[in-house]
Amino acid sequence: LLFRCCMQIKRDVYLSKLKSKKENGFIKVITGIRRCGKSYLLFNLYHEYLNSIGVENSQIIEIALDEVRNAKYRNPIELDNYIRSLIVDKDKMYYVFIDEIQKVDAIQNPYVDNEDSKITFVDTLLGLMKITNVDLYVTGSNSKMLSSDILTEFKDRGDEIRVNPLTYKELCEVRGTCGYLVWQEYITYGGMPLAVLKNTNEEKIKYLKDLFEKTYLTDVIARHNIKSKNAVLEDLLNIISSSVGSLTNPKKLSDTFKSKKQENVTPATISKYLDYFIDAFLLNKAIRYDIKGKNYINTPLKYYFTDVGLRNARLNFRQQEESHLMENIIYNELLVRDFGVDIGVVEYNYKDNGKNMRTQLEVDFIANKGSRKYYIQSALNIDEESKKEQETNSLNRIDDSFKKIVVVKNDILPWHDEKGILYLSVQDFLLHEESIDW
């Protein structure tokens, strides 16, 4: 169904990354939240690309381990034998695609009389990797072993391609237009590929709610042996969903449970549960950075959803605070563009009635890539001078020369103020990657 439905959707960003990593000697590990299109990217788009440059189908070895017909290849020795049997010409390069690699079970080593000696899928892949005319690609994510674990297993032998839900620009490409209606669709239903391709809002809502409950929650619960009806886990998701982009920490969340739920939940338990959702690629964590002090402040921090449609589905589409959703979307866009993203703090001293005072001002995002750095504020509007001053106060107190940007929802022409701050519409920011350098 995914392959059939997603034929309308191009994932050029990720296809380009796969092309750039072709035959680089590493195992390409395609990671990302479930149902974001990892398998489609590999088995359809990348397969078509290889055909277009002259690679024959006989050189592309594909196996989907979640299919019953391939169940015998969940044995690592059988999988190894099968793939090697198809590598028949040492003068040709073979491209091996393995979907749902975590389906391969660890087995007792039949050649060693030691119960602790196991053969796993990692052994199979590392063995195949040594064949000089094999280029290896894998995907995998479910309750037994999510993709972050797979990448860890490969240590320095894996090369990650992180796939995300559709960006706003990709949704515009699917719709063939941009503007108010597409923006409203995106901040409401997000960019999960099959949600985008549903015909009605009712179908989108049902799909996203089912996806959250029946896939992501089920995965986390099964993987970590959590009681299926865990009120703390459910309540924590609701709290994080309601306060997306707000500063928080496990201690603060523990206090919230105590005051509002009359429950004693330790910060350690909350931290553990949040890590489960980060590991499942459902949430991302942004740490604070003291811009003047040049050091990280580990707490409080912010959590953002990988897809705002899933966040809204969790809250039954009741809370649609556009400012927070826009901030979440900007954060996700920066990650897609391969920036490292922190949230910034500018601390400064001032006098109030003769007293020395100290305060902290927030910078929504510090985006880093190599030697490039950008300070970015997200604001619905700056129509009033007081609002403009509020949004730029922290930026104006940063004394380095890196670019400072305010992204607003309003449809404005890009402009710079007298202090060099660039003002962009969210449409320009999301549609034109080069806009941050205008």
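Biologist: Which residues of helix 16 are buried?

Modeller: Bear in mind that this is a predicted model. In helix 16 (residues 385-396), the buried ones are Lys388, Glu391, Thr392, Ser394 and Leu395.

Biologist: What puts them on the same side of helix 16?

Modeller: Their arc around the axis is only 145 degrees, so they sit on the same side of helix 16. They pack against several strands, including strand 10 (340-352) and strand 11 (355-369).

Biologist: Why are helix 11 and helix 13 called roughly perpendicular?

Modeller: Helix 11 (residues 231-242) and helix 13 (residues 267-279) pack at about 70 degrees, with axes 11 Å apart. The label covers 65 to 115 degrees, so the two helices count as roughly perpendicular. Helix 11 brings Val232, Leu233, Leu236, Leu237 and Ile240 to the contact, and helix 13 brings Ile270, Tyr273, Leu274 and Phe277. By class that gives nine nonpolar, no polar and no charged residues.

Biologist: What makes the pair of Tyr289 and Tyr296 edge-to-face?

Modeller: Their ring centres are 5.0 Å apart and the planes make 65 degrees. Edge-to-face needs over 60 degrees, so the pair of Tyr289 and Tyr296 gets that name.

Biologist: And how do you know whether Tyr289 is buried or exposed?

Modeller: Buried means under 20% relative accessible area. Tyr289 has 17%, so Tyr289 counts as buried.

Definitions and conventions: Residues are numbered from 1 along each chain as its sequence is written. This is a predicted model: local features need pLDDT of at least 70, side-chain atom pairs count only at pLDDT 80 or more; totals for chains, interfaces and linings use all residues. Side-chain values use heavy atoms; hydrogens and water are left out. Axes are lines fitted to C-alpha atoms, for helices over the stretch in contact, and angles run from 0 to 180 degrees between N-to-C directions. Helices (H or I, at least four residues) and strands (E, at least two) are DSSP runs, numbered from the N terminus. Angles under 35 degrees count as roughly parallel, over 145 as roughly antiparallel, 65 to 115 as roughly perpendicular and the rest as oblique. Contact means heavy atoms within 4.5 Å. Ala, Val, Leu, Ile, Met, Phe, Trp, Tyr, Cys and Pro count as nonpolar, Asp, Glu, Lys and Arg as charged, and the others, Gly among them, as polar. Buried means under 20% relative accessible area, exposed over 50%, partly exposed in between (1.4 Å probe, protein chains only). The arc is that of the directions from the helix axis to the C-beta atoms. Rings of Phe, Tyr and Trp (its six-membered ring) pair if their centres lie within 6.5 Å; planes under 30 degrees apart count as stacked, over 60 as edge-to-face and the rest as tilted.
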